[in-house]
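Subject: the two-chain model

Hi,

Here is the model I promised to pass on.

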Amino acid sequence: MLVDSRTADRLTGMVLLMLGIAMLAGGYTMDRLEIRQIHPASIPGLVPMGLGLAMIICSVLLLVSTASTTDTSLPEDSAVSEDSEKTQPGSFKNLALTIVLCLAYAGGLLGKMPFAVATGIFIFMFSAVFSWPEKSVPVRARIKPLLLIALFAVVFAVGISTLFQYGFLVRLP
Amino acid sequence: MHALQSLAEALISLCTPMSLLHVAWATLLGIFVGSLPGLTATMGVALLTTLTYTLDKDTAILVLICMYVGAIYGGSRSAILLNIPGTPASAATALDGFPLAQRGEAANAMALATAGSALGTLVGIVMLVLLAPPLAEVALNFGSFEFFWLALFGIVISGQLTGGGSPLKGYIAGLLGLMVAMIGSEGIHAHVRFNLGLRDLNGGVALIPAMVGAFGFAEVLTVMWRPKGELLDTKKSATSALPRMLDLWRYKFTIVRSGIIGTIVGIIPGVGEDIGAWSSYAVAKKLSKHPELYGKGSTEGLTAAETGNSAVVPGALIPALTLAVPGSAPAAVLIAALFIHGIRPGPMIMIEQPDFIYSIAAMLVLATLAIAVFGLSLTRLFIKILKVPRELLMPVVFTLCVIGPYALTQRVFDIWVMLFFGLIGFVLRRMDYPMAPLVLGIILGTLLDKSLRRGLTLSNGDLSPFFTRPISASFAAIIFLSIVLSIPAVRRALFRIIPGLPGPVKPSVTEEQS
């Protein structure tokens, strides 16, 4: 969990409640297509209204259950075991770095330069950042792994680009 | 008899050198994908789908099936050696597989897992060949009323069984998927709904980018967030080995039973391999002469879990082919792949392409043979695969997550869809929301929407046919009972009245995708 489960559930419950209300309102105010003389039972907003209503009910139940649950980690009758991966601590730093690198590649590099170059830079940066040796490692010893990572990045960037461009005839971004 | 003859003919037609080559590489790739924690069967099938655009449809389906079977089997490798299930389907395998490896019996554990997987898939294939044609025939009688309930049934049951201790979260995930399916031009009047002013959303949210995001990018984030696993010292124990025939013979009933349980679990829409493994494991433990050994290195438990999860694969294909309702998350991607390659799964498949089901069964047989061969002969290679650092693997996976969905439509918008679903998928997973109902909701949303409105139009706004037609009434009753029984207070009251009532199936540790 990113935050404790009760707080997370409460927040989610509120977001989902708003989503449900928005869906219900969206379905209700949606064009009824009277001008086309369609059957009232086939209006496009019918199912969205139903889904909105169902989501409102579910989110209220979620909010009620968070208010009545005393356990702060798991729901009352949860069968999720203690060895669940969800109870293991994760690394926020690694997560943030991954998101930044992935978004920078998809949103920043792609389309601004040839696909192979962008992909090569991304793979190299990603691998280098997460394999960066500790400070105690001498500078010379850091160079060899970096060169290997660079080689790895070039091989895969060229390989993937070639496969999609010439194998699958995709006009790369 | 006709079924077996058709299966034999399909097998013979597939036994060309080129097909066997495809079987070999795709299954090996599948085992590779499955054995690496962080790469799942769904993700493997989704990514490989984007690589099959240029293949002919039979070859494309063949490699996707091999990937599916291989990945579900491959998960047992890291479960046994790392105590980290390669795919969630192997979570139950880790319970007994890892203690066996710690005792120096890794080779025996892997051999038994291989045999269990192969035999489980074979049991499932027999049931696929026997059950799919009559089911398709029954499905021919389905109208809008039945299809509405079928779509709802899939989402409710999937939400309930994959929601673990909280079915409510499963239902919410299913509703979210249905809401996503409401975006874009609807199927009856072509009226555009909820496009948020973006023209790119007029056609709706494409399934492949959404799934690659929810299962691929979310998995990349999950893997990088998690601590690293430690590989066991396997120098002594991880040699090539054949399963001890005595063990297999001793567990013959466990294998058949787990195979049947796995297949039945597979037929239930959107439930998946992990529940198949846990159900088989739970039943095997209950009926075992040595239940005290379970969780401490029981070869019987290991066999049951592996047989159960592999049998789900053919089971999941039964509703996928005959009803176009996926039995598991990888089967959902497979349905999308079938559409991409011009094959329309559903009740008409036995009329339009009567031999297609037997071709699929034959592909499953070849994939099973391939996992048996590779599983028993390439133990050392798999251990090397497990040593590939995630820092090198994940950027390549992410690159494929980006380029795969883009390649389908060549729209940059689909990359953003993938990223959005990846981030949402990661957050939802961390809060114990299962992903399978979400994906099922996206797939079945259109069917549910169109069937309800078409049904109401046919009945002139009268709701009664939804409850009075026999099949509709049965579906409605099952859905109602499922929802009522998922209420904790009702369940507790029932447990008090009927003490022997089986409790809920233990959910997987990482149900989100298999």
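Which backbone oxygen does the side chain of A:Thr66 reach? The oxygen belongs to A:Leu63, at 2.6 Å; that falls under polar contact (a pair of N or O atoms within 3.5 Å; within protein, one must be able to donate a hydrogen and the other to accept it, and residues adjacent in sequence count only if both atoms are side-chain atoms).

Before the rest, some housekeeping. This is a predicted model, where local features need pLDDT of at least 70 and side-chain atom pairs count only at pLDDT 80 or more, while totals for chains, interfaces and linings use all residues. Residues are numbered from 1 along each chain as its sequence is written, chains are lettered from A and ligands numbered from 1 in the order in which they are written, and side-chain values use heavy atoms, with hydrogens and water left out.

Back to A:Thr66. You'll find A:Thr66 in helix 2 of chain A, residues 46-68 (helices are DSSP runs of H or I, at least four residues; strands are runs of E, at least two; both are numbered from the N terminus). A:Thr66 counts as buried because its relative accessibility is 4%, the cut-offs being under 20% relative accessible area for buried, over 50% for exposed and partly exposed in between (1.4 Å probe, protein chains only). Setting aside residues up to four places away in sequence, A:Thr66 touches A:Arg6, A:Asp9 and A:Arg10, where contact means heavy atoms within 4.5 Å.

The rule finds 1 salt bridge across the interface of chain B and chain A, along with 12 residue pairs in polar contact, both at pLDDT 80 or more. On the chain B side, helix 18 gives the most, with 13 residues. Overall, the contact takes 67 residues from chain B and 79 residues from chain A. The buried area comes to about 6,300 Å², with carbon and sulfur atoms giving 74% of that (accessible area, 1.4 Å probe, that the two parts lose on being put together, summed over both).

As for chain A itself, there are 5 helices and 0 strands. Its domain assignment (automatic or from a database) gives domain 1 (1-67) and domain 2 (90-172), and their centres, taken over C-alpha atoms, are 41 Å apart. Buried residues make up 39% of the 173 residues in chain A.

On packing, the largest nonpolar core has 175 residues, and A:Tyr105 and B:Phe398 are among those with the most contacts inside it (a core is a set of buried Ala, Val, Leu, Ile, Met, Phe, Trp, Tyr and Cys residues joined through side-chain atoms within 4.5 Å). This core draws at least three residues from each of the two domains of chain A. Beyond its neighbours within four places in sequence, B:Phe398 contacts residues of both chains, including A:Cys102, A:Tyr105, B:Phe217 and B:Met418.

B:Pro133 and B:Pro347 are 214 residues apart in sequence, yet 9.3 Å apart in space, C-alpha to C-alpha.

Cheers

How values were computed:
Salt bridge = Lys/Arg side-chain N within 4 Å of Asp/Glu carboxyl O.
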